[in-house]
Amino acid sequence: MPLFVEVALPVPLRRNFSYRVPEKSISAVKIGLRVKVPFGHQQLIGLITAISQTCDLAEHQVKPLTQVLDAQEILPKSLYNLTLWAARYYFTSQGQMLSQALPVALRKGADTAPQAITLYKLTNQGKQAQISLLNRAPAQKRLYLAISEKPISHEEFITLEFSKAALKALEDKGWVERSSQVINIDLSWRQQLDITEKPHKLNKQQAVAVSILNQQQGFNCSLLEGITGSGKTEVYLSVLETVLKQGKQALILVPEIGLTPQTINRFKRRFAVNIAVMHSALTDNQRLEAWRQARSGEAAIIIGTRSALFTPMKFPGVIILDEEHDASFKQQEGVRYHARDLAVMRGHYEDIPVILGTATPSLETLQNALSGRYHHLSLGERAGAAQKVKQGIIDITNQPLKNGMSQSLINEMRMHLDAGNQVLLFLNRRGFAPALLCHECGHLHECDRCDAFFTVHQGLNEICCHHCGNQYAIPKQCHQCGSTMLMGHGLGTEQLEQALTGIFPQYPVVRIDRDTTRRKGSLEQQLHGIHKGEYKILVGTQMLAKGHHFPDVTLVGLLDVDGALFSADFRAPERFGQLYTQVSGRAGRADKPGKVLLQTHQSDNILLRSLLRQGYGEFAREQLKERQLAQLPPAWHMVIIRAEAHLALDADDFLHHVSQLLPQDKDFEIIGPIPAPLDRKAGKYRRQLLFQARTRQRLQLEFEKILPQIEQLPQAKKCRWSLDRDPQDLM
């Protein structure tokens, strides 16, 4: 009797594929195992989603599968169901969603079972060797000293960035040898939890929040809305203590790699348990190792960015999402899922509590909390001796600016620096200048593939487009008139750093943005330097705005907020409110009073005034009312269909045909096709069609009905198109 399997493959086709099971593999196949199968001219790895004894095709038309890769299901039932639900919700194929849930190494066919690890240790000859012989070989000496303390594993060797040449030299000398050790899974933390730091005393609001969170059993979702500096991490730590003492694991998601080092350190100081870390800066093998430790239950705490959401836990206990409002929880290419929404859904499938923490809740979460779907817990006072921050607006209309800074801001900086404190300046534009201008004819150098200007990066000696990555050496002459009088126009973080070094030569400046943190470990080094007080002036983009704790920063200056007040995106006011509140929350976090100054040409802007007067909480509730009146998310539910093509007409034509398939009545609204705010990107014209529905269910049903028709449209072949459900960014 022939046996067939349905396999979900990581391809964009929204269907699964049938394969015949060879005789020798019949006893080995189960739902949820990885299999290698022929697909066209290549071999792909997918997951079995169904097994049956019949197939619609004739037996000779069905190819046999090549190999079964696992003995046990690779994902627990709850996670497997979550990926199937997410595939349906985000209108993508099961295969693409399942491959999101697996580390890259497993998608390439690596083994899931923990194997033996390689250890490097000293030989008897190495133990008696004279270390002075290595004085002229610092890399060998560093490695020798590390191994002489305790044998180190190959993973530690890579993580601590030891030199391979040094290792080979020590092995050739006969001082170091490799040995193989079988891994034993250590679950001792479940019997005996070691707490290595005395918990801080909680204030009244923190204590109330902890006791409510600790009483919750099974699935429920709580919003922990606490002003910046109110000690949300301390609440997480107290909840974790309860969860870990029950022998259960915790999954903690943070928005940026930049926040992981300090989060890991806070947890490591408190609990002597194994912590698995998952983020994009790790190698494939390091991520696989963390995944294995989480799946076997050896890692008590899993910390990671967006993709860590899919990490399996053997003893699931709690999911915590820190800075839940952050836009980087939404994936912007490929499968456009939102980690916050899927975390809540995962809590539902695992039957465990989910905690969303932030000072500036997204309007979606706030609406759920206000309507009673989520528990709403508030922390309204800053923890410890920290006082409320003073806020001020500097109206820069008609004022002379020195590299984007007004004289009053410079004077204020001098006062804080002379008092021995640190100052943080926030500018959300990296590079030296946002455009290259010809002083003679006024020509602005524009990217030849996008509707955007080149940003000047002086340190790299190049002009670069931040939209498509296009880059060239800085030109010597104007492309328009041939003049050599070229200058940077506008202000970027690189230019600001240079200017500050000139104005305050005695105070060291550090710049933190994507350009200065490219090298591995450089961000940790810079943050460490800030904490030790090596730097007095901090310049940075959004990377510095989130969640960092700088006790010595007493003044925060926002240089250019006008751009954020005017935008084509309906979420812009919400984003601006969050950004302002987060950046200003870096000031006065310890016992020193803090001050925030905002430079603007729009000092009487209604948004600005209401934000400064009432704070983010009231501001967000007003924004919610406005969204309801305008029938925008979260009141209504949105899908964007994006299309891009070399000819604008092709993209327009496709979206026009799609709009005719969409339903039209009082419960739906169709906007478009319209050009995207950045009309041309990487040489392609971009158009979008916005589709809104009053209820989520109707949106789901109508879309599932018309998707096959959209895919069959002949116009679909002339452009690239994608669907974005619950879009976070209209650019």
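**Strand pairing, cores and side-chain contacts in a predicted model**

In strand β5, Q67 is the bridge partner of K36, and strands β3 and β5 pair in the antiparallel sense over two bridges, where pairing requires that DSSP finds at least two bridges between two strands. The structure is a predicted model, in which local features need pLDDT of at least 70 and side-chain atom pairs count only at pLDDT 80 or more, whereas totals for chains, interfaces and linings use all residues. Residues are numbered from 1 along each chain as its sequence is written, and side-chain values use heavy atoms, with hydrogens and water left out. Strands (E, at least two residues) and helices (H or I, at least four) are DSSP runs numbered from the N terminus.

The pairing of β3 with β5 belongs to an open sheet of five strands with antiparallel pairing, in the order β2-β1-β4-β3-β5. Because β2 and β5 stand at the edges, each with a single partner strand, one side of each is left without a neighbour in the sheet.

A search of the whole structure finds 13 aromatic pairs, a pair being rings of Phe, Tyr and Trp (its six-membered ring) with centres within 6.5 Å, classed as stacked if the planes are under 30 degrees apart, edge-to-face if over 60 and tilted for the rest. F17 and F39 form an edge-to-face pair, with 5.1 Å from centre to centre and 80° between the planes. F17 lies in strand β2 (residues 17-20) and F39 in strand β3 (residues 34-39), so this pair ties together parts that are 22 residues apart in sequence. F17 is buried, with a relative accessible area of 9%; buried means under 20%, exposed over 50% and partly exposed in between, for a 1.4 Å probe and protein chains only. Elsewhere, F91, F668, F691 and F703 form one aromatic cluster.

The largest nonpolar core has 47 residues, and those with the most contacts inside it are M97, F310, Y337 and L342; such a core is a set of buried Ala, Val, Leu, Ile, Met, Phe, Trp, Tyr and Cys residues joined through side-chain atoms within 4.5 Å. Helix α1 (residues 77-89) gives the most to this core, with six residues. Leaving aside neighbours within four places in sequence, L342 is in contact (heavy atoms within 4.5 Å) with residues including L82, W85, A86, M97, F310 and Y337. Apart from this core lies another, of 32 residues, among them I512, L544, V583 and A620.

The search also finds 33 salt bridges, defined by a side-chain nitrogen of Lys or Arg within 4 Å of a carboxyl oxygen of Asp or Glu. R34 and D70 meet in one of them (2.8 Å, N to O); R34 lies in strand β3 and D70 in the loop between β5 (67-68) and α1, so the pair ties together parts that are 36 residues apart in sequence. Both R34 and D70 are buried.

R698 forms a salt bridge with D667, the closest N and O atoms being 3.7 Å apart. R698 is partly exposed, with a relative accessible area of 29%, whereas D667 counts as buried at 17% relative accessibility. Salt bridges that share partners join D665, D667, R694, R698, E702 and K705 into one network.
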